[in-house]
Amino acid sequence: MNTAPERKKHTWIAVAGFLVLALLLFGVWRFTRPAPALGEKSVTVEVTHSDSSVNTFTYQTDLDSLGELLEQEGLISGTESAYGLFVDTVDGETAVFDADGGWWRLTCNGQDAETGVDEVMLHDGDVYAWIYTTN
């Protein structure tokens, strides 16, 4: 039969185990996330608009993240949230989901981005694409 002090002890052990696991997972994430390339990089950004027209931009930069670069260049804008920048405008075109289900899809070297634009690390020669997408 478990007494109240024993249950309390087991609860504290479970909480401590959870905290250790959370710290371990945070450490793994922190040390395995992609690192930016150091120094100057040349990157290309292709924007496919809702009318299927494509504009291509090439940037030389020593910045680390795609979000920082594109905001500095005025190519993207949006709303800051707890999850980072929610991009709603690219190359002057605003996606309004309520109007046509439109949103901006980001790809990195032909693959869908796995993080928000703020977390995409720049590497020399990378090609990024913003594609106007509707549901």
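## Basis of the assignments

Strands, of at least two residues, and helices, of at least four, are DSSP runs numbered from the N terminus. The model discussed here is predicted.

## Loop residues with positive phi

N109 sits in the loop that joins β6 (102-108) to β7 (111-112). Its phi is positive, about 55°, although N109 is not a glycine. Most residues other than glycine have a negative phi. N109 has a relative accessibility of 44% and counts as partly exposed, because that class lies between the 20% limit for buried and the 50% limit for exposed.

S52 also has a positive phi, near 75°, and is likewise a residue other than glycine. Its place is the loop between β1 (41-48) and β2 (54-61). The relative accessible area of S52 is 57%, so this residue is exposed.

## S50 and its contacts

S50 lies in the loop between β1 and β2. With a relative accessible area of 45%, S50 is partly exposed. Leaving aside residues up to four places away in sequence, S50 touches E93 and Y132.

The contact with E93 includes a polar one between the two side chains, at 2.4 Å. Y132 is 82 residues from S50 in sequence, yet the C-alpha atoms of the pair are 5.4 Å apart in space.

## Nonpolar core

The largest nonpolar core has 23 residues. Those touching the most other members are V45, L66, L70, I76, V117, Y128 and W130. At least two residues of this core come from each of β1, α2 (66-73), β4 (84-90), β6 and β8 (127-134).

V117 can be followed through its individual contacts. Not counting residues up to four places away in sequence, V117 touches L66, G67, I76, L85, V87, L106 and W130. Among these contacts, L66, I76 and W130 are also named with V117 as core residues that touch the most other members.

F18 belongs to helix α1, which covers residues 4-32. The relative accessible area of F18 is 57%. F18 is therefore exposed, since the exposed class begins over 50%.

Methods: Residues are numbered from 1 along each chain as its sequence is written. This is a predicted model: local features need pLDDT of at least 70, side-chain atom pairs count only at pLDDT 80 or more; totals for chains, interfaces and linings use all residues. Side-chain values use heavy atoms; hydrogens and water are left out. Buried means under 20% relative accessible area, exposed over 50%, partly exposed in between (1.4 Å probe, protein chains only). Contact means heavy atoms within 4.5 Å. A polar contact is a pair of N or O atoms within 3.5 Å; within protein, one must be able to donate a hydrogen and the other to accept it, and residues adjacent in sequence count only if both atoms are side-chain atoms. A nonpolar core is a set of buried Ala, Val, Leu, Ile, Met, Phe, Trp, Tyr and Cys residues joined through side-chain atoms within 4.5 Å.
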